[in-house]
Amino acid sequence: MHNYSIFSVYRKYSSHLRPLGYSISQHIPTLVVSPPQTPPKRPPSSQPSAPKAASKQALEAVRPEIWSDPRLFFSLLLKSCIQTQSLSLTQQLHSLIVTSGCAMDKSVTNYLLNAYAKIGDLRFAVKLFDVMPRRNVMSCNILIGGFVQNGDLESARQVFDEMPDQNVVTWNVMVMGLTQFKFNEEGLSLFSQMRSLGFMPDVFTLGSVFRGCAGLKDLSSGRQSGSLGEGEKVIKAMPITNVVAYNTLIVGRAQNGFSEGALDQYNKLKMAGFTPGKITFVSVISSCSELATLGQGQQIHAEAVKTGYSRVASVISSLVSMYSRCGCLNDSVNASSESEEADVVVWSSMIAAYGFHGKGKEAIELFNRMDQEGHCGLKDKGIEIFEMMVEKYKLDPRLEHYTCIPLWKTLLSACNIHKNADMAKRMAEEVLRLDPHDSASYVLLSSTQASAKRWKDVSEVRKAMRERRVKKEPGISWFEVKNQVHQFCIGDESHPQLMEIDLYLKELTWEMKLRGYVPDTGSVLHDMDAEEKEYNLAHHSEKLAIAFALMNTPEGFPIRVMKNLRVCGDCHEAIKHISEIKNREIVLRDASRFHHFKIGTCSCGDYW
């Protein structure tokens, strides 16, 4: 703990007060005062003690400087107290303010109140606030800010409600506090009240309001969904619209899963004449990654190059992930090479990209390179926490501490591929014990039981899903051509080329059968006749998307299709045949990894 002296701080700032013809430090003894633990006893002699005499002498030495400009004098010293977070030094200055007669100056007492609040000692702040002879709006704002800083929103609101007069700063502090601590609805309600009372919001209000709009939650589902339409209304109502406003909406939409909406807001930002920044690029590139819209991602990459942000680590990391998730691993490698220096975030993104594309050897090589160059601090921290758990807290590690849910899901998927219904049941129990609401695991288990014609077990799986309110996510695949995304889902008849796609698939299936393809009707989850099962399989979303892609792209053109769920065994086998028949490279991104199909084989080695 540092022992600070008022007068040593004064020496530091004396040049800011007024030019002096002599060095005032020569006339000020260095006096260090620490707050006593017990009340001091009065000296037996009536004569003043030596420290008291020194204090009086010091005060007399600086009194001319105090009276020349007390506000500047104390503001500088109290600023130093805040920087050093020194409560004892603030208390010394408090005494000096009282003894010098400056306690009646509301500016000086506000500086003192601000120091107590910023240091975080609200006991002294509240006591001072209660005895201040001349409080004003700034005094209240400072105390509200102190309460907000310490997370005491109830006390902040009480001071706010009891204020006879408020200004924009008052409203800003209160709205900011509410949205900062995720009371978004209350914050936006207070903002509406602010507007109705005629207060004009400024750029600080803007940031808090948009954070609140982006952070609204659907409490019934516990999922962040956001009332982003409210954000758009606020933008139109604001007298000042800037990059911060658009960025907050873009980030809010991207984080809430509204990737298309994020890209729409990005276009509006450019149309409004604003230049995108680092935060903008990271969010919109991540949105392109989620949608797997390669064309748009490439356009945004070009815009990042023009503005100079393509060499920023966070933007590079987003580009690596985007190209990887769009099936362009080589472009991910090229993007990562733009990093001017080794960056752990970029390298981690590149390792994930290699892993996602089944390039385990390359991922391990890059990880080892990171390790050699000292970029694996988190790995060491993880091991440290694991050892603490075992050695310090004597907790027995279980399998989930050594591995994670993806391992169990991979094993469950393997059971599905190899039609091992008994083992699948055991694997599913482990997955669902760790994550009882993982719909994909229920589907994998149900598929395996259906392959074994265990319809009773299939019914039990569905019953468990109903009881736990788990809904099967519909399989959706999409393909981008000419900057337009075409989406396909089984049973959806809205696509304008559906009739042609259906006819094309029939011809393609007939050709596949000539080459040995046998539809895996056993994997159909419903108990129906063989013809219905085969029709069901033929119209899985990824087959529809690939048929559309083959119809609408030139020969030899690589096809990249994205799917939200794991590809089923039948589709996986069918796509291998299609890649050989049409002599096309077909890249399929499913929920677990990338599959690169070429000349009748898949990069996953039939294991995913």
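Q: A crossing counts as left-handed when the near helix is turned anticlockwise from the far one by less than a right angle. In this predicted model, what is the hand of the crossing where H13 passes H14?
A: Left-handed: that's how H13 passes H14.

Q: What makes H13 and H14 roughly antiparallel?
A: Helix H13 (residues 243–255) packs on helix H14 (residues 259–271) at an angle of about 165°, and their axes are 7 Å apart. Angles over 145 degrees count as roughly antiparallel, so H13 and H14 get that label.

Q: Which residues make that contact?
A: H13 brings Tyr246, Asn247, Leu249, Ile250, Arg253 and Ala254, while H14 brings Ser259, Gly261, Ala262, Gln265, Tyr266, Lys268 and Leu269. Sorted by type, the H13–H14 contact residues come out as 7 nonpolar, 4 polar and 2 charged.

Q: How do you know which way H6 runs relative to H7?
A: Look at the angle again: the axes of helix H6 (residues 122–131) and helix H7 (residues 137–149) cross at roughly 160° and come within 11 Å. With the roughly antiparallel class starting over 145 degrees, H6 is therefore roughly antiparallel to H7. The crossing of H6 and H7 is left-handed. On the H6 side, the contact is made by Leu122, Ala125, Val126 and Phe129, and on the H7 side by Ser139, Cys140, Leu143, Gly146 and Phe147. Those H6–H7 contact residues split into 7 nonpolar, 2 polar and no charged.

Q: Is Cys602 buried or exposed?
A: Buried means under 20% relative accessible area. Cys602 has 11% relative accessibility, so Cys602 counts as buried.

Q: How many disulfides does a search of the whole structure find?
A: The search turns up 0. Take Cys328: its nearest cysteine sulfur belongs to Cys326, 6.2 Å away, and Cys328 is in no disulfide.

Q: What makes Cys328 buried?
A: Its relative accessible area is 7%. The cut-off for buried is under 20%, so Cys328 is buried.

Q: What does the protein chain look like overall?
A: The chain has 30 helices and 6 strands. It runs to 608 residues, of which 44% count as buried. Take the contacts between residues at least 6 apart in sequence: 62% of them join residues at least 24 apart.

How values were computed
Residues numbered from 1 in each chain as written. Predicted model: local features only at pLDDT ≥ 70, side-chain atom pairs only at ≥ 80, totals over all residues. Heavy atoms only, no water. Axes fitted to C-alpha atoms, helices over the stretch in contact; angles between N-to-C directions. Helix = DSSP H or I, 4+ residues; strand = E, 2+ residues; numbered from the N terminus. Parallel < 35°, antiparallel > 145°, perpendicular 65-115°, else oblique. Contact = heavy atoms within 4.5 Å. Nonpolar A, V, L, I, M, F, W, Y, C, P; charged D, E, K, R; others polar. Disulfide = S-S within 2.5 Å. Buried < 20%, exposed > 50% of the residue type's maximum accessible area, 1.4 Å probe, protein only.
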